[in-house]
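Morning, everyone. I'll take a few minutes on side-chain packing, starting with aromatic rings.

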Amino acid sequence: MSTTNMAVGSNYWEDLRKQARQLENELDLKLVSFSKLCTSYSSSSSSHDQRTRDSRSDSFGPSQDGMLVAMTTELEQLLTKLTAVNDKMAEYTNSPGSSSHNAALMHTLQRHRDILQDYTHEFHKTKSNFFSLREREDLLGSVHRDIESYKSGSGVNNRRTELFLKEHEHLRNSDRLIDSAISIAMATKENITFQRGMLKSIQTRVTTLANRFPAINSLIQKINLRKRRDSLILGGVIGICTILLLLYTFH
């Protein structure tokens with residue numbers, strides 16, 4: 001009876017791990033798409049002049065804003081599901097039947113929690129950067145409309161209008177620089193995320209091999225100890241030779 005309960009518990013744990021991995025893979029793909037959507041908006045923002053900013057913003061609203069809302073909702077739902085799976089895994093590690101493998105289970109649970117935390121942080125950061133960009137676009141569009149209204153009422157040759165236009169030009173240049181920096185940062189973040197995923201995958205495989213084959217882990221430790229011993233011996237020999245050479249030189 002005890003063996004049957006252990007088998008059922010093991011199957012339940014493996015099902016939870018499969019669900020977690022599937023949700024993590026979906027989140028990784030969705031976050032990359034979400035980041036590309038935000039990057040495309042940033043790139044289009046820097047490539048258009050101020051006269052087409054308002055029309056571009058209006059055309060962006062109905063279509064891509066809907067995509068953004070849908071993708072944001074889907075990402076939030078996936079994060080909620082992954083959190084629920086992690087909670088179930090935590091409950092299983094605290095159950096009486098899992099005490100014999102508790103250390104390995106806790107290690108696996110902590111790794112899934114770290115991945116959830118990274119994805120949550122990345123999602124909120126990308127979302128915050130995007131909406132900050134939208135607010136800046138709306139502000140600059142409002143300034144542009146105010147300038148056009150002032151120009152139509154007072155004339156282009158008005159001194160105050162010229163000063164206002166110069167100041168606005170400075171704002172546009174600063175906006176382009178900021179948009180370019182955001183695009184570079186988001187592209188760098190995508191590369192770092194990809195590299196981080198590869199490193200985590202390698203680390204997981206190495207840990208799995210070490211846990212499955214203790215002899216391999218012991219062999220690796222012996223190799224490292226032998227390398228360290230050889231380094232010490234080589235360093236001692238080099239030191240002795242150096243001292244003898246110095247004694248021979250000065251005598």
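Start with the rings: Y12, W13 and Y92 are joined into a cluster by ring pairs. Keep in mind that this is a predicted model. The count of aromatic pairs comes to three. Take Y12 and Y92, a tilted pair, with 5.9 Å centre to centre and 55° between the planes. Y12 sits in helix α1 and Y92 in helix α2, so this pair ties together parts 80 residues apart in sequence. Y92 is buried, at 16%.

Next pair: F34 and F123. This one is tilted too, at 5.8 Å centre to centre and 45° between the planes. F34 is in helix α1 and F123 is in helix α3, 89 residues apart, so distant parts of the chain are linked. Both F34 and F123 are buried.

Now the core. The largest nonpolar core has 27 residues, and L27, F34, L75 and M89 touch the most other members. Helices α1, α2 (53–93) and α3 (102–154) each supply at least two residues of this core. The largest share, ten residues, comes from α2. Look at L27: beyond its neighbours within four places in sequence, L27 contacts L75, L78, L79, L82 and Y119.

Last stop, S35. S35 is in helix α1, which spans residues 2–47. At 2% relative accessibility, S35 counts as buried, because the cut-off is under 20%. What does S35 touch, not counting residues up to four places away in sequence? T126, M186, K189 and E190.

Notes. Residues are numbered from 1 along each chain as its sequence is written. This is a predicted model: local features need pLDDT of at least 70, side-chain atom pairs count only at pLDDT 80 or more; totals for chains, interfaces and linings use all residues. Side-chain values use heavy atoms; hydrogens and water are left out. Helices (H or I, at least four residues) and strands (E, at least two) are DSSP runs, numbered from the N terminus. Buried means under 20% relative accessible area, exposed over 50%, partly exposed in between (1.4 Å probe, protein chains only). Contact means heavy atoms within 4.5 Å. A nonpolar core is a set of buried Ala, Val, Leu, Ile, Met, Phe, Trp, Tyr and Cys residues joined through side-chain atoms within 4.5 Å. Rings of Phe, Tyr and Trp (its six-membered ring) pair if their centres lie within 6.5 Å; planes under 30 degrees apart count as stacked, over 60 as edge-to-face and the rest as tilted.
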